[in-house]
Amino acid sequence: PPPCEAQLELVLVLDKSGSVRSAQSSLLAFARELVSQFTLSPTAAQVGVVEFSDDAATLIALSSDLSAVTAAIDGASPAGGGTSVSDGLAAGLSVVNGAGSRPSVPRTILLLTDGVQTTDGDDNTAIAQAAVVKNAGVAVVSVGFGGARVSTITAMASAPSSDFAYFGSDLDAIRTHFSNAQLCELALAPKAPPPPSPPPSP
């Protein structure tokens with residue numbers, strides 16, 4: 001499909017807990033594939049990237065420079081540690097609302113995790129933090145695989161969860177699911193701009 005021309009602030013929140021280790025190269029490839037589906041420019045999409053294990057770290061703030069975003073993904077640190085989904089979501093929210101964020105541009109966080117929350121609380125903590133993100137007007141695309149709990153992935157996602165949540169048996173399934181510009185459709189769907197109002201008659 002042609003690159004998505006959506007005007008969007010997109011932040012990828014990527015699990016790098018120990019259990020991801022064997023899948024990390026595929027996970028980072030998925031992140032690169034997602035980013036490459038969008039036209040990155042100051043008038044189209046900007047992308048930020050966060051990684052998390054016990055804590056979260058920002059790999060890159062919102063950027064319209066594809067090579068910088070790709071380099072940030074390639075620079076992800078080796079997987080290891082526990083899983084604090086809530087930290088990842090909180091960091092994602094600060095990035096999507098942070099430097100470079102444009103007013104009135106739709107904001108989306110895509111969360112990718114392979115497990116339940118093991119540090120800083122449990123899955124309920126993650127669900128509560130996802131609610132904070134959604135209440136801030138940010139769409140949450142929630143993607144799980146491996147040991148993640150389907151009910152949690154669904155609860156974290158924006159409505160309708162049939163669109164905004166996806167649980168894949170593995171990363172190959174996830175990569176296939178999102179290979180058809182699925183994310184572009186989601187990014188555009190919930191917040192299509194209203195049609196322009198006609199000019200007032202003189």
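What follows is a chat about a predicted protein model.

Student: Before we start, what should I know about the model and its numbering?
Tutor: It's predicted, so local features need pLDDT of at least 70 and side-chain atom pairs count only at pLDDT 80 or more, while totals for chains, interfaces and linings use all residues. Residues are numbered from 1 along each chain as its sequence is written, and side-chain values use heavy atoms, with hydrogens and water left out.

Student: What's the average pLDDT of the protein?
Tutor: The average is 91, and 92% of the residues score at least 70. pLDDT is the predictor's confidence in each residue, from 0 to 100. Over residues 191–197, though, the pLDDT is below 50. That stretch has 4 contacts in the model beyond near neighbours in sequence, where contact means heavy atoms within 4.5 Å.

Student: OK, aromatic rings next. How many aromatic pairs are there?
Tutor: The structure holds 2 aromatic pairs. Rings of Phe, Tyr and Trp (its six-membered ring) pair if their centres lie within 6.5 Å; planes under 30 degrees apart count as stacked, over 60 as edge-to-face and the rest as tilted. One of the pairs is F30 with F178, which is tilted, at 5.7 Å centre to centre and 55 degrees between the planes.

Student: Where do F30 and F178 sit?
Tutor: F30 is in helix 1 (residues 24–36) and F178 is in the loop between helix 7 (171–177) and helix 8 (182–188), so the pair ties together parts 148 residues apart in sequence. Helices (H or I, at least four residues) and strands (E, at least two) are DSSP runs, numbered from the N terminus.

Student: And is F178 buried or exposed?
Tutor: F178 counts as buried, at 2% relative accessibility. Buried means under 20% relative accessible area, exposed over 50%, partly exposed in between (1.4 Å probe, protein chains only).

Student: Which pair does Y166 form?
Tutor: Y166 and F178 form an edge-to-face pair, 6.1 Å centre to centre with 90 degrees between the planes. Y166 is partly exposed, with a relative accessible area of 21%. Ring pairs link F30, Y166 and F178 into a cluster.

Student: Switching topic: how do strand 2 and strand 3 run?
Tutor: Strand 2 (residues 45–52) and strand 3 (residues 56–63) run antiparallel, joined by 5 bridges. Two strands pair if DSSP finds at least two bridges between them. A hairpin joins strand 2 to strand 3 through 3 residues.

Student: Last one: where's G100?
Tutor: G100 lies in the loop between helix 3 (85–96) and strand 4 (107–113). Leaving aside neighbours within four places in sequence, G100 is in contact with E9, Q46 and L62.
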